[in-house]
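Hi everyone, thanks for coming. Please have a look at the sequence and the model on the screen, and then I'll talk you through a few spots in it.

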Amino acid sequence: SDPYMIRDGGNTRLQILNELWQETGDRRYYEFDCLFHPFTFDLDIMIRHVVENEMRGGMILIDRGIAALKAKKYFEQGENKTLSNIALARSLKEMGWTIDDKSLGVALYAAEVLLEIIPGALWAGLGIDSVKRVRKIIEDCRKFWMRLPEHVEDLEDAEAEFEIIWTESLTSQDHEDFSVDAAQNAMEASIAGYIDCPVSSVRGEIQAMSRGVSQGGVKPVAALDQPGVNAA
């Protein structure tokens with residue numbers, strides 16, 4: 001109870017001891033020796049719990065992301081500047097949590113960007129590879145959308161429209177069995193509906209831009225609508 005808290009893991013053990021005390025009334029489950037450490041600060045306690053959970057293999061990506069985001073805000077407020085992922089990873093390592101900057105970036109993206117959109121998928125354990133794919137799909141679709149001829153004159157409105165497209169598309173697919181492929185299909189279909197183009201043509205142009213084959217900037221059309229192509 002206040003003013004004490006668990007410092008290095010042990011929450012499950014404390015819960016078990018409480019349950020045994022309630023069931024048996026045996027004071028050996030109520031009174032026991034433990035080590036006391038003076039309180040440092042909240043972030044230190046949180047990092048220690050993260051490290052404990054990492055050692056036990058009990059951390060999913062969104063757990064890491066939320067913890068990293070709290071740490072990021074703490075350090076940035078203290079230093080009054082924005083930290084790069086490399087700098088944040090270095091600060092976390094000094095506190096005992098070793099995580100490379102690339103993995104840290106994906107975890108932060110999950111917490112900062114995706115948690116409000118696909119919470120069900122993330123809390124069900126959506127992993128780093130899937131989040132990387134989702135991020136790449138969003139970036140590829142955004143690049144296609146922003147380079148459409150009708151959008152180049154008003155990029156601010158175009159960005160606002162795309163925000164609606166990708167968030168609604170992912171939200172519609174949010175569940176425990178989240179499929180990245182299904183989310184991609186939903187996003188591409190939504191884009192195709194907005195610009196009144198065949199989804200296959202939209203998908204092909206997005207893939208071409210992603211591979212560097214196309215620079216974009218052209219509204220895709222169906223193959224049969226292209227000049228010089230005749231129906232059989």
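This is a predicted model: local features need pLDDT of at least 70, side-chain atom pairs count only at pLDDT 80 or more; totals for chains, interfaces and linings use all residues.

Residues are numbered from 1 along each chain as its sequence is written, and side-chain values use heavy atoms, with hydrogens and water left out.

Let's start with the helices. Helices here are DSSP runs of H or I with at least four residues, strands are runs of E with at least two, and both are numbered from the N terminus. Two packed helices are described by the angle between their axes and the distance between the axes. The axes are lines fitted to C-alpha atoms, for helices over the stretch in contact, and the angles run from 0 to 180 degrees between N-to-C directions.

So how do H2 and H3 run relative to each other? Helix H2 covers residues 42–56 and helix H3 residues 61–79; their axes come within 11 Å and cross at roughly 155 degrees. The two are therefore roughly antiparallel, on a scale where under 35 degrees is roughly parallel, over 145 roughly antiparallel, 65 to 115 roughly perpendicular and the rest oblique. On the H2 side, Leu43, Met46, Val50 and Glu54 meet Arg64, Ala67, Lys70, Ala71, Tyr74 and Phe75 of H3, with contact meaning heavy atoms within 4.5 Å. By class, that contact has 7 nonpolar, no polar and 3 charged residues. For the classes, Ala, Val, Leu, Ile, Met, Phe, Trp, Tyr, Cys and Pro are nonpolar, Asp, Glu, Lys and Arg are charged, and the others, Gly among them, are polar.

Now H3 with its other partner, helix H4, residues 85–94: here the axes come within 11 Å and cross at roughly 100 degrees. H3 and H4 are therefore roughly perpendicular to each other. Ala68, Ala71, Lys72 and Phe75 of H3 make this contact with Leu88, Ser91 and Leu92 of H4. Those residues divide into 5 nonpolar, 1 polar and 1 charged.

Next, please find Glu188, in helix H9, residues 180–195. Is Glu188 buried or exposed? With a relative accessible area of 1%, Glu188 is buried; the cut-offs are under 20% for buried, over 50% for exposed and partly exposed in between, with a 1.4 Å probe and protein chains only. Which side chain does Glu188 make a polar contact with? The partner is the side chain of Arg203, at 2.5 Å. A polar contact is a pair of N or O atoms within 3.5 Å; within protein, one must be able to donate a hydrogen and the other to accept it, and residues adjacent in sequence count only if both atoms are side-chain atoms.

Arg203 itself lies in helix H10 and is partly exposed, at 25% relative accessibility.

Last stop, the loops. Asn80 lies between H3 and H4 and has a positive phi, near 55 degrees, without being a glycine. Asn80 is exposed, at 71% relative accessibility. Asp196, in the loop between H9 and H10, also isn't a glycine, and its phi is positive at about 55 degrees. At 68% relative accessibility, Asp196 is exposed.

That's my tour, and I'm happy to go back to any of these spots.
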